[in-house]
Amino acid sequence: MTDHQDVALDWMNGDGEARPPADLRPEVPHPARMYDYYLGGKDNFPADRAAAEQVLALGPLVRISALANRAFLQRAVRHLAEQGIRQFLDIGTGIPSAGNTHETAQRVAPSARVAYLDNDPIVLVHGRALLAGAARGSVSVLQADLREPKAILADPGVRELLDLDQPVALLLFAVLHFVDEADDPYAIVRTLVDALPSGSYLAISHATGDFSTPEEAGRGPAIYKNATAQLTMRSREQVLRFFDGLELQEPGLVTAPQWRPDQPEQPTDSQVAIWAGVARKP
Ligand SMILES: C[S@@+](CC[C@H](N)C(=O)[O-])C[C@H]1O[C@@H](n2cnc3c(N)ncnc32)[C@H](O)[C@@H]1O
């Protein structure tokens, strides 16, 4: 993507119907597009790349952490599908990348359904491409804000695709660190989990400064200050609190590469700055 117009044109869908232009704000760094850049994607603007380059300059662990997070997402989703989960509520979806949730889940269970929610219009722009390759009725891409959990639970798009009386996997991958304390992320997670039946799961990955000096850990959030969402890193103890009342699955809350690694060559670096865990609602 090179300029604003490319994206606006993308809203012309195949049947020639014009969709409303999204407020893409190309001049402001967006976490979704910065993350796309870390993963080697092309769906980003110069302002995103400039901010992302500043973050990448902090050290090699940034890109390693982004890739490790993505690999955790795939292992966690596959595990959940293998546990019999057929419904996924994926909030903070991001721009489609390799091994998206529905592709991973449907490889195990073709009937798996995924509601993707993100508050960044860029994700909706790319949602069309995501939907094109998915089985009809198995995926929806919706604009929603994690900070409004009641609206998410009432969203007709979510209700149409998912039966909230049956177990659901609530996926909060690399998104809670964009919710600051003032918005009470713990109450948000509780509201969502409370609405799901027993046998549902919560999967979280979350950036942490636990392996850095306070000075180093402050640099990432400082760069995100000018982005559309600010970065709040949390300690292992703080991330653990999101799982209160739930049964953490083996191996517990660990760094992303340590969560059920599936390949001998998988990095098992205990210093990757992402906590990762999956828990079951009793
Ligand atoms: C780092 S990306 C993670 C993408 C994907 N979940 C993954 O782990 O690969 C974070 C995503 O969260 C989204 N996001 C940030 N704050 C949000 C909010 N309040 N509500 C919904 N989505 C949000 C961003 O737009 C971005 O797409």
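## The ligand and its surroundings

A polar backbone atom of G92 lies 2.6 Å from a nitrogen atom of the ligand. The side chain of R70 has an N or O atom 2.8 Å from a ligand oxygen. Polar contacts are pairs of N or O atoms within 3.5 Å.

In total, 19 residues surround the ligand, with a heavy atom within 4 Å as the cut-off. The closest are Y35, N69, R70, G92 and D118.

## About the model

This is a predicted model, where local features need pLDDT of at least 70, side-chain atom pairs need 80 or more, and totals for chains, interfaces and linings use all residues. Numbering starts from 1 along each chain as its sequence is written, and side-chain values use heavy atoms, without hydrogens and water.

## Helices α2 and α4

Helix α4 spans residues 61-82 and packs on α2 at about 100°, with the axes 9 Å apart. α2 is therefore roughly perpendicular to α4 (65 to 115 degrees). Y35, Y37 and Y38 of α2 meet V62, R63, A66, N69 and R70 of α4, with contact meaning heavy atoms within 4.5 Å. This contact has 5 nonpolar, 1 polar and 2 charged residues.

## Helices α2 and α3

α2 (residues 31-38) also packs with α3 (residues 46-56), at about 60° and with axes 9 Å apart. The two are therefore oblique to each other. Their crossing is right-handed. From α2, the contact uses R33, M34, Y37 and Y38. α3 brings residues including D48, R49 and L56. The contact holds 7 nonpolar, no polar and 4 charged residues.

Notes. Axes are lines fitted to C-alpha atoms, for helices over the stretch in contact, and angles run from 0 to 180 degrees between N-to-C directions. Helices (H or I, at least four residues) and strands (E, at least two) are DSSP runs, numbered from the N terminus. Angles under 35 degrees count as roughly parallel, over 145 as roughly antiparallel, 65 to 115 as roughly perpendicular and the rest as oblique. A crossing is left-handed if the near helix is turned anticlockwise from the far one by less than a right angle, and right-handed if clockwise. Ala, Val, Leu, Ile, Met, Phe, Trp, Tyr, Cys and Pro count as nonpolar, Asp, Glu, Lys and Arg as charged, and the others, Gly among them, as polar. A polar contact is a pair of N or O atoms within 3.5 Å; within protein, one must be able to donate a hydrogen and the other to accept it, and residues adjacent in sequence count only if both atoms are side-chain atoms.
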